[in-house]
Every structure is written in structure tokens, then in C-alpha cells.
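Thanks for asking me to look through this one with you. Below are my notes as numbered points, to be read with the structure open beside them.

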Amino acid sequence: MKAFKYLSPTTVEEAIAFHGRHSETAKYIGGGTDVIVKVKEGWMEPDYLISLKKIEEMSELHKNDATGELSIGAMVTHATLEKSLMIRNEYPIIYDAVSNIGSLQVRNVGTIGGNLINAVPSADGAIPLIALDGVALLHGPDGERSVEVKDLFIAPYKTVLKPREILKKITIPPQEPHTGSAYIKFGRRAAMELPLIGIGVLLTLDDDDTCAKARICLGVAAPTPMRAFDAENFLVGKKIDENILIEAGKIAADESKVRDSIRGKAWHRKEMIRVHVRRMGLKCLNMIKDNY
Amino acid sequence: MSKSNNELSSEFSVVGKRIPKLDAAQKAMGRAEYIQDIKLPGMLFGKILYSKYAHANIVKIDTSKAVAFPGVHAVLTGEDVPKKMKMGLIKDNPPIKKGKVCSFRDEVAAVAAISPEIAKKALGLIEIEYEELEGIFDPEKAMEKNSPLVHDHLKSNVLKMPWNIHYGDVEKAEKESAFVVEDRFTTTWVTHCCMGTSGAVALFDASENLTIYTNTQIPSLAHKDFLEALKAMGLENKRVRVIKPVIGGGFGSKLDTYAYEHIAILLAYKCHKPVKIVFDRVEEFKATSTRQPTVTYIKQGCDKNGKLTFRNMRMVLDNGGHTSWGATTPSVMLMPISSLYRVENVKYNAKCVYTNNTYSQAMRGYGNPQATFAIESSMDILAEKAGIDRIEFRRINKNRSGDETPQGLKITSCGLEECIDAVKEELKFDGKNEKGVGTGIASLIHVGGGARIYGSDGCGAILKMDDYGKVDIFTGGTDMGQGLDNITAQIVAEELGLLAEDINVVHSDTDICPWDVGAHASRSTFVAGNAALGAAKKVKKKIQDFASKLFDVPCEKIELKDKLVFVPEDKEKSMTIGKLLRKAHFRPGGTMLMAEHFYDPDNQNMGKELKGNMSMTYSFGAHGAKVKVDEETGKVEVLEYVAAHDVGRAINPLLLEGQVYGGVVMGLGYALTEEVTIKDGKIMNANFRDYKLFTAKDAVKIKAPVIETIDKDGPFGAKGIGEPGCVPTAPAIANAIYDAVGVRIKDLPITPEKVLAALKEKNG
């Protein structure tokens with residue numbers, strides 16, 4: 001492993017300045033569960049690692065009770081989200097996703113922002129944030145800008161972040177009443193597992209039980225995390241029951257761009273989308289019913 | 001009803017006690033010294049370059065840039081390896097290849113440098129020109145006449161091995177059978193996944209004697225291999241000392257000597273410095289040997305009462321590019337094939353076939369898991385065809401004490417029926433299951449009293465006592481985590497009336513420890529245990545003889561217990577063992593108490609006819625699984641697992657349960673998730689992300705009832721239990737899946753994809 005210097009700025013501005021000084025040879029590091037592996041394997045050889053850990057605002061998890069907006073600092077760990085009762089009760093889809101990432105040890109240090117920035121097609125953390133219409137707040141040398149989480153990814157390992165830009169936090173707009181959300185990672189093992197396919201569903205119902213909003217988000221179904229727009233559109237305006245969800249599952253499966261890999265076959269991945277859109281959809285309906 | 005494991009062997013003071021592993025604290029606190037921890041003055045680091053192709057001619061190698069690279073001390077290619085330096089069962093594998101490579105793991109060059117990083121960089125500077133050849137990756141295709149040859153000088157890819165037997169008359173028995181079933185089963189590559197990766201440190205002294213620190217399960221045979229290596233290097237009559245550091249997992253992976261060891265020796269000799277080679281995890285996956293994949297054709301039948309009439313099996317084994325002990329696994333497969341349940345007429349033919357895949361080796365069970373997967377799956381299929389309850393079917397055909405099987409195995413103690421009963425009782429086979437839930441059972445037979453596959457199946461032990469009542473015992477046996485240290489200590493302590501902590505077990509150095517054929521075949525408790533017991537008995541006799549004079553009573557009246565030598569009927573006549581030892585030592589003409597014992601079991605080599613009692617006794621077991629199958633995804637969840645074993649006697653129930661738990665989890669991985677994915681000879685998943693070893697979170701609750709049959713030849717009645725835990729796991733799971741959803745999966749591992757595809761086919 002190549003030796004590196006470890007810098008610990010306390011503000012975002014300082015971090016960006018450090019990066020400016022060392023430009024090509026510097027790299028930001030969050031929890032390190034991806035970066036350190038890459039450095040150890042020699043896939044990445046930075047002279048400087050700029051830790052974002054000491055930037056306090058980036059580790060804040062906060063819900064604004066007045067506006068109903070949720071703010072998740074990019075350095076919030078999976079374990080923090082997993083242990084938060086507020087997240088568990090009000091954003092079950094986030095809980096579902098982060099509580100099955102890696103292992104306890106990985107979740108204790110791995111961060112939600114790092115999970116997004118690493119930008120693998122299988123990022124568990126991305127799916128719920130897309131389903132919840134999350135917005136990423138980016139901070140670079142030229143100031144701040146916002147990007148919807150769904151537009152964050154360009155290709156595997158590639159995001160829209162510009163050089164030196166930092167993902168500071170993700171905000172989630174207030175949730176409508178009568179909303180249910182759920183995520184499942186379909187894999188072979190119970191821990192230390194990448195999903196063979198990841199399926200997140202969010203449903204909002206009107207007072208007359210018709211679907212006001214639907215989000216069907218898929219991991220490993222395309223080069224980047226994706227939304228199944230056709231399936232979502234199919235659901236909106238309909239009274240949702242199991243048969244409708246079965247149909248939505250089929251549409252989502254057809255929309256996906258799954259492929260064969262050494263980890264799993266495309267046909268099986270499609271089947272899993274089909275089955276789990278229905279199962280997660282039913283879970284959402286039950287949640288909505290329980291909260292009435 | 002089996003006893004609770006806490007109530008076993010209560011008549012003893014130390015044997016039968018749940019004493020934690022003696023080196024547990026050392027390991028838990030990071031104090032145990034693994035090969036990774038060995039550092040010697042002036043030590044260099046070796047790295048190995050592997051082939052870029054599965055099958056290719058080496059046209060040209062240019063090492064000049066690597067040789068010139070600062071920090072590099074030596075670069076070796078196949079040209080630098082002495083002609084006669086070859087490894088493996090039939091010596092078809094030089095440690096660095098010359099002229100031609102026949103798998104991706106073939107070594108083509110090696111470097112020694114002052115740091116691992118420099119050695120790695122230097123590897124990148126070696127320029128090799130290859131001429132790629134057509135590869136052959138399917139063993140059944142490799143048997144065809146026009147197939148490319150893996151080794152040009154051979155006429156065929158099929159190895160010359162003797163695996164062809166016929167006991168009784170299978171054809172006649174088939175004609176007379178009321179029910180016959182026939183199927184094809186396959187198993188794939190899996191690997192040991194030792195947490196401690198492979199490695200060795202070699203060094204020569206000024207007189208050219210070799211010391212090698214290495215992870216090995218066969219110190220004495222490795223010693224012999226390295227002597228031969230030295231001879232090939234022109235170093236005749238030199239000494240070899242093999243030192244084992246603490247081993248982080250064996251499971252059969254260390255039953256041969258490997259290229260990295262021989263390369264470390266060559267580099268150390270060339271550089272006049274110690275050379276260390278340690279594998280990283282990727283290398284551990286790519287350059288160590290797997291369990292052998294098999295294609296099995298099985299046909300068996302029974303009469304109208306359910307009595308087995310014949311068993312006819314044919315197998316094709318993927319040998320890979322070179323030959324290690326994997327090619328001899330049919331000798332052990334023969335045991336369940338001929339002797340799991342009573343069956344008089346047996347035919348077995350196995351062909352080991354060269355391919356351009358990785359070569360396989362020994363792995364826990366030594367062929368038995370592959371054979372038992374086919375046999376026990378087929379048993380359920382046959383029972384269903386005959387309309388007989390699957391448990392009843394197994395009872396009808398169960399092995400019994402006093403049987404001699406067609407292969408000539410003499411069944412002495414046999415608790416198979418009790419094991420089957422224990423599984424049935426725990427899993428409530430008669431109860432109705434909810435939809436998608438099912439139960440399955442599979443049994444096992446395994447060698448439990450040594451296995452004579454070599455000229456000697458022996459093990460030596462040397463025991464010495466100090467002046468205070470402490471013992472050092474030097475055993476040929478190997479502890480690699482399985483617990484031979486405890487077993488040896490508990491046996492010796494019981495015999496000498498001491499505590500386990502009074503016994504220091506030394507098993508790490510061929511300069512000090514006597515000969516042993518190796519930690520394989522679940523033989524260590526039985527063979528090394530009997531060696532230790534023999535030595536302890538001799539010392540006990542010496543203590544009794546001396547005490548007899550001291551107390552003026554006959555020898556047989558003297559007992560040893562609680563660190564005391566005493567005469568039970570005369571309370572005055574009692575002394576601590578330490579005091580007695582000092583009395584024996586510190587006097588004119590004094591003596592210290594020592595003894596040695598070499599135990600070689602009275603078992604038989606099978607010989608050309610492949611008949612003979614290969615083990616002194618056999619271990620039995622039955623596993624039961626309750627599974628839930630998700631019929632929409634094909635995913636299998638193991639709800640409950642019972643693994644009952646007849647172990648003769650549990651010397652240490654705690655370690656015994658550990659062996660069973662570990663074996664079962666390994667077996668569950670084999671059944672459901674584990675697979676070295678190889679595409680055109682290339683390993684595609686050389687990491688724990690994609691090689692789906694069970695994690696702690698995947699582990700299921702396992703009940704491990706112990707059946708004690710007190711074997712007449714075992715130390716305190718014990719039989720071997722190292723391997724059985726993973727032997728019948730896969731068929732127990734496969735049978736439970738069939739019971740749950742009615743699909744029979746015949747190819748391991750049983751992935752959700754396979755189950756779902758089968759369900760779709762079944763449901764149309």
C-alpha cells in the first residue's frame with residue numbers, strides 16, 4: 001500500500017481548499033469502507049486523503065418539524081440511520097436499505113454519502129433516497145448547487161460531481177400522509193452481501209385510496225440505480241390492489257436493463273423484480289392501512 | 001433418547017469435560033504466531049508469477065528488467081528448477097513450469113526481493129511470450145478421443161488410476177430388483193477458505209541444511225518431500241527441519257506440499273537468505289487447490305420389502321492440470337458407495353481426467369461429500385418409488401455392529417440407528433409442515449479409526465514429566481485448530497490423574513516430534529490419541545512401580561487422581577505426584593519419568609483389489625434439515641438443523657460440538673451457496689464478496705446430539721469426528737427441498753435460480 005498523508009479539515013471550505021492545494025493527488029474520504037480498500041489494493045494511489053469526518057455539520061441527522069424536511073448529512077453512518085427510531089418509523093425504506101449493508105462493522109463506519117458517491121450499480125443507500133425524491137446538496141469551489149439524487153449517477157463509479165466538489169447532505173422533502181415505503185435487497189447471504197437486485201417501492205394514496213404517487217426504484221437493474229417510470233405511471237391514478245401490483249411488477253421487470261453476470265442470471269433478476277415489486281407494494285399498502 | 005451433551009462420560013475427571021481450547025486465549029488476544037508473524041533476520045520476500053493463459057506454450061521469457069530492478073535478489077523461471085524437483089501424487093507438477101502451462105495457476109516465474117512491494121513490481125517487469133493453445137475445461141469432453149491433450153506426452157487426458165471395482169453381481173441383482181432408480185448428480189469446485197492464508201519461510205544454514213516454517217497438516221511427509229527436493233537440487237544427506245507455526249485452518253488444504261514452498265526453498269538457497277512467501281486472499285483463491293468437482297451416475301435398486309439389492313456408480317472427476325491427492329479421493333468415495341447401508345452388490349468406476357482447470361486436492365470429507373450427495377439423494381428417490389417411508393427405508397438397510405461390508409470394512413461399534421432416531425425425534429418427521437416447508441434426512445459413514453492409505457498409519461508420542469507433576473508431550477499429530485492439543489492433554493491428564501492444564505502439548509517441529517502420517521482422515525483423536533495414551537500408560541506404570549516400593553503395596557492397588565498417587569484402601573498411603581517425582585529423581589541412581597509410544601492401528605491397505613478394512617472403526621451419523629422454500633424466488637431458508645453423530649466417546653463435548661457446527665456450516669455452504677466460478681479455466685470470484693461463504697448471520701441453529709458407542713479400540717472409546725459434520729449436509733438439504741416443494745435439485749450448489757427454474761418446469 002502506498003503511503004499517504006491524512007488531513008482532517010473541520011469545515012467544508014477548508015476541505016475544498018486542501019483539495020485545491022493538492023489537486024490531482026488528493027482524495028476525499030468518508031467512512032473509508034470503499035476508499036481504503038481501493039488504496040490497499042493499489043487501485044487508487046492518493047498522496048493525500050482528506051477526511052470529512054471532523055466537519056460537524058456533515059454528520060447531522062435532523063428533521064425540521066416545522067417544514068417536515070429531513071436532512072441527512074453525507075457523513076451520517078449507516079448505523080446512525082439504522083438506530084434512529086425516527087428513520088425507522090417515518091422512513092422505513094431507508095431503514096430497510098441501510099440495516100442490511102455489509103456487516104455491523106461496515107455500517108458503523110460507512111456513510112450514506114460515501115455509499116452514493118462510490119456510485120456502484122448495487123448501492124443499497126441510493127434506492128430509498130431516490131424513492132423519497134431526495135436532493136443532494138453539493139459544495140464546490142464555486143459554491144453550492146443541488147441535484148436530485150436520481151440524477152446523481154452517470155455510470156458505474158461515476159457521478160455528476162465536479163473535481164473538488166463535496167456531497168454535503170441529502171434533503172428529503174416532507175412526506176405526504178398515507179405513504180408507505182419498503183426496500184428489499186435480494187441476495188444469497190444475510191450479511192456482507194451485494195444485492196443481486198435491489199427493489200424499493202414507495203406509494204402515496206389519496207383519501208379515496210387511489211394512488212397519488214408511486215416510486216419504483218431498482219438497484220443492479222441498470223448501470224446506475226434506476227426508476228421504473230413506466231411502472232410508476234401505470235400505478236398513478238389507480239386503486240391499488242394485488243393484481244395491479246402484479247402488473248406493475250411485470251412492467252418494471254420489462255423496463256429494467258438487467259443482464260447476466262457471474263453473480264446472477266438476467267431472467268432470475270427479472271423474476272425477482274416482478275415478485276418483489278408486488279411484495280414491497282403490498283408492504284406499503286399495509287403500512288398505510290396501519291397508520292390510518 | 002440420546003443424553004444431553006452435558007451428561008456424557010461423567011465417570012471421568014478430565015475426559016468428557018468441556019474444557020475450552022487450550023490456545024484460545026493466545027488466539028483471542030492476538031498472541032498466537034501464524035506464518036504471517038514469522039520474521040527472521042535478513043529475510044527476503046518472494047512472489048510468484050502465474051500464467052496468463054489456461055493452456056499455452058511458453059515461447060520466450062525475458063527476466064532481465066526484473067533482475068536489474070533495485071532490491072531484487074533473485075529471479076527464477078522453469079529453467080532454474082532442477083529436473084527432478086516435482087510435486088504431487090504422480091510427480092507431474094514442477095514448482096515452476098517450463099515450455100508449457102496447462103492452467104491459469106501454473107507458476108511461470110518467481111522473485112525474491114527486499115520487500116513484498118518490490119517483489120510484486122519486479123513480477124510486472126518479467127516479459128513472457130506465449131503461444132495460446134486450445135483449452136479443455138469439461139472433463140467429460142476431455143475424455144473424448146479428439147480432445148486437446150493437457151499433457152502432450154500422454155495419449156489421453158484420463159489418468160491411469162485403479163478405480164474400478166465390482167463386488168458381488170450387480171447385473172444379476174438389478175434384474176432381480178423390484179424397484180430401480182437412475183440419476184445423474186454433479187458437484188462443483190469449492191475451496192477451504194482458511195482464514196489464515198498459505199505461506200512458508202525457508203532458510204539454509206551454513207552447512208546447507210534446510211529449515212522451513214510452513215503451514216502443513218503433514219509435517220512428516222512434507223519433511224520427506226523437502227528431502228527429495230534437496231536431493232533434486234544436488235544437496236544429498238542434508239537435514240530438513242519442518243516447523244509449523246499456528247495454523248489458521250486446514251480442512252485438507254495442507255495435505256500436500258506446494259509450489260510456494262518449493263519456490264521459497266529454491267529462492268532461499270539461491271539468495272543465501274531466509275525467503276518468505278505468503279499468499280494474499282486473491283492468491284489463496286486462485287493458487288490453492290479445491291475440492292474435486294464430480295459428475296456422478298448412480299443406479300440403485302431394492303426388493304419389494306425395501307432391502308437394497310445393488311448400487312452401481314460411475315464418476316468423472318475433474319483433475320485439473322496437475323495431480324495432487326484429489327485423484328485418490330475415489331478410494332474414500334468407495335467407502336460410502338460400498339458400505340453406507342447394507343448393500344451386497346456394488347459396482348464403482350471413477351475416471352480422473354486432466355483439464356485446463358485448477359487442480360484439486362483433499363478437502364474435509366475427501367470425496368465422501370460428493371459420493372454421499374448422490375447416494376443419499378438417490379435413497380430418497382428410491383424410497384419414494386418403492387412406496388416406503390424414507391426413514392423406515394434407511395432403518396431397513398442400516399449398518400449394524402458385526403457387519404463386514406462388501407469392501408471388507410469391519411463394522412465394530414455402530415450407532416447409525418440411534419443417530420437416525422435422534423434426527424427423527426428432533427425434527428418431528430411425522431408432523432405436518434406448512435406450505436413450502438419440508439424435512440430431509442441423510443446419513444453418513446466415515447473412517448473413524450485411522451485410514452491406511454500409506455505404508456504407515458502411525459503416530460508417535462514422547463512423554464516426559466518434570467519434578468513437579470507437569471508433563472510435556474511431544475506428539476507427531478498436528479493441531480490446526482481442530483483441537484488435538486486438548487484431546488491429547490485430556491487423555492494424558494486422565495490417565496495420569498492430572499489436570500489438562502498440567503499437560504503441555506508440543507506438536508510443531510519435526511526435530512522434536514516423532515513421525516505421524518498427517519492430520520487427515522479424521523484420524524488424530526483415534527491414532528494420535530492412542531499414541532499419547534500408550535505413552536501415558538507407560539509412565540503411569542513407572543509411577544505405580546515406584547509407589548509400590550514406596551508404599552509397600554502391589555502395583556495394581558495404586559491409583560492416580562487429583563494430582564495424587566494413593567492407595568484407596570489406606571488413606572495414610574498418599575502423596576502428590578510432584579513429590580513422588582522428586583523422590584524418584586533426587587536420590588542416588590535417581591530417575592526421571594519418560595516414555596515413548598508409537599501407535600500404528602491394525603487396519604489394512606486396500607491393495608489392488610480395493611478390498612480391506614481401511615480403518616479400525618467407523619464413525620456414523622445422520623443429519624436432518626427443516627427448510628422453507630420461497631416458491632416465488634427459489635430461495636431456501638434453513639429453519640432447523642440436527643446433526644447426530646456416533647463418535648464412540650466424546651473426549652471433549654465442547655470441541656466436538658464445535659467440529660460439528662463448523663462442519664455443518666461448511667456443508668450448508670456446499671449445499672446452497674459456495675462455488676468457485678470458473679470460466680474457461682479462469683477463476684471469476686477470487687474474493688469473499690463473490691465466493692459465498694456463509695457468514696455468522698447466515699449460520700443456523702444446529703443441534704448436535706452425541707451418540708456414545710464406546711469403541712473398543714478408541715482411546716477411552718473415542719472415534720474420529722473431524723470430517724463427518726460436512727458429509728451428508730448437501731443431500732439432507734436437497735431431500736428437504738424435495739419434501740417441501742417437490743423439486744429434486746441434482747447439481748450443487750442449490751441456488752435460488754436452480755430451484756426456481758425447477759419449480760417453473762414442474763408447474764409448467
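1. Let me start with a helix pair in chain B. From helix 16 of chain B, the residues V664(B), G667(B), L668(B), Y670(B), A671(B) and L672(B) meet T729(B), A730(B) and I733(B) of helix 17 of chain B. By class, this contact between helix 16 and helix 17 of chain B holds 7 nonpolar and 2 polar residues, with no charged ones. Please keep in mind throughout that this is a predicted model.

2. How do these two helices lie against each other? Helix 16 (residues 653-672) and helix 17 (residues 729-741) of chain B pack at an angle of about 55°, and their axes are 8 Å apart. The crossing of helix 16 of chain B past helix 17 of chain B is right-handed.

3. A second pair to look at is helix 9 (residues 330-339) and helix 10 (residues 368-386) of chain B, which pack at an angle of about 25° with their axes 8 Å apart. Angles under 35 degrees count as roughly parallel, and helix 9 and helix 10 of chain B are therefore roughly parallel to each other. Here too the crossing, of helix 9 of chain B past helix 10 of chain B, is right-handed.

4. Which residues of helix 9 of chain B meet helix 10 of chain B? They are V332(B), M333(B), M335(B), P336(B) and I337(B), and their counterparts in helix 10 of chain B are N368(B), Q370(B), A371(B), T372(B) and I375(B). The contact of helix 9 with helix 10 of chain B divides into 7 nonpolar and 3 polar residues, and no charged residue takes part.

5. Now to the domains of chain B. The assignment divides chain B into domain 1 (35-133 + 198-278), domain 2 (294-452 + 606-763) and domain 3 (458-599). Between the C-alpha centres of domain 1 and domain 3 of chain B there are 40 Å, and 15 residues of domain 1 of chain B are in contact with 14 residues of domain 3 of chain B. On the domain 1 side of this contact in chain B, helix 6 and strand 11 are the elements that give two or more residues. Helix 6 of chain B gives the most, with 4 residues. By class, the domain 1 side that touches domain 3 of chain B has 7 nonpolar, 6 polar and 2 charged residues.

6. Next comes a sheet in chain B. This open sheet has 7 strands in the order 3-5-1-12-9-10-11, with mixed pairing. Its edges are strand 3 (72-77) and strand 11 (240-243) of chain B, each of which pairs on one side only. Neighbouring strands of this sheet are turned by 20° against each other on average, direction ignored. Strand 1 (residues 44-50) and strand 5 (residues 107-113) of chain B run antiparallel and are joined by 6 bridges; in strand 5 of chain B, A109(B) is the bridge partner of L49(B).

7. Two helices pack on that sheet. Helix 3 (residues 116-124) of chain B touches strand 1, strand 3 and strand 5 of chain B, and its direction makes about 30° with that of strand 1 of chain B. Helix 6 (residues 219-232) of chain B touches strand 10 (210-214) and strand 11 of chain B, at about 140° to the direction of strand 11 of chain B.

8. Strand 21 (residues 564-567) and strand 22 (residues 570-576) of chain B run antiparallel, joined by 4 bridges, and F566(B) stands opposite S574(B).

9. In chain A, the assignment gives domain 1 (5-51), domain 2 (60-172) and domain 3 (179-291). An open sheet of chain A has 4 strands in the order 11-12-13-14, with antiparallel pairing. Strand 11 (179-186) and strand 12 (residues 197-205) of chain A pair over 8 bridges, with S181(A) opposite L202(A). Helix 11 (residues 266-291) of chain A lies across strand 11, strand 12 and strand 13 (211-219) of chain A, at about 35° to strand 12 of chain A.

Conventions: Residues are numbered from 1 along each chain as its sequence is written. Chains are lettered from A and ligands numbered from 1 in the order in which they are written. This is a predicted model: local features need pLDDT of at least 70, side-chain atom pairs count only at pLDDT 80 or more; totals for chains, interfaces and linings use all residues. Two strands pair if DSSP finds at least two bridges between them. Axes are lines fitted to C-alpha atoms, for helices over the stretch in contact, and angles run from 0 to 180 degrees between N-to-C directions. Two residues are in contact if their C-beta atoms, placed from the backbone, lie within 7 Å. Domain bounds come from an automatic or database domain assignment. A crossing is left-handed if the near helix is turned anticlockwise from the far one by less than a right angle, and right-handed if clockwise. Ala, Val, Leu, Ile, Met, Phe, Trp, Tyr, Cys and Pro count as nonpolar, Asp, Glu, Lys and Arg as charged, and the others, Gly among them, as polar. Angles under 35 degrees count as roughly parallel, over 145 as roughly antiparallel, 65 to 115 as roughly perpendicular and the rest as oblique.
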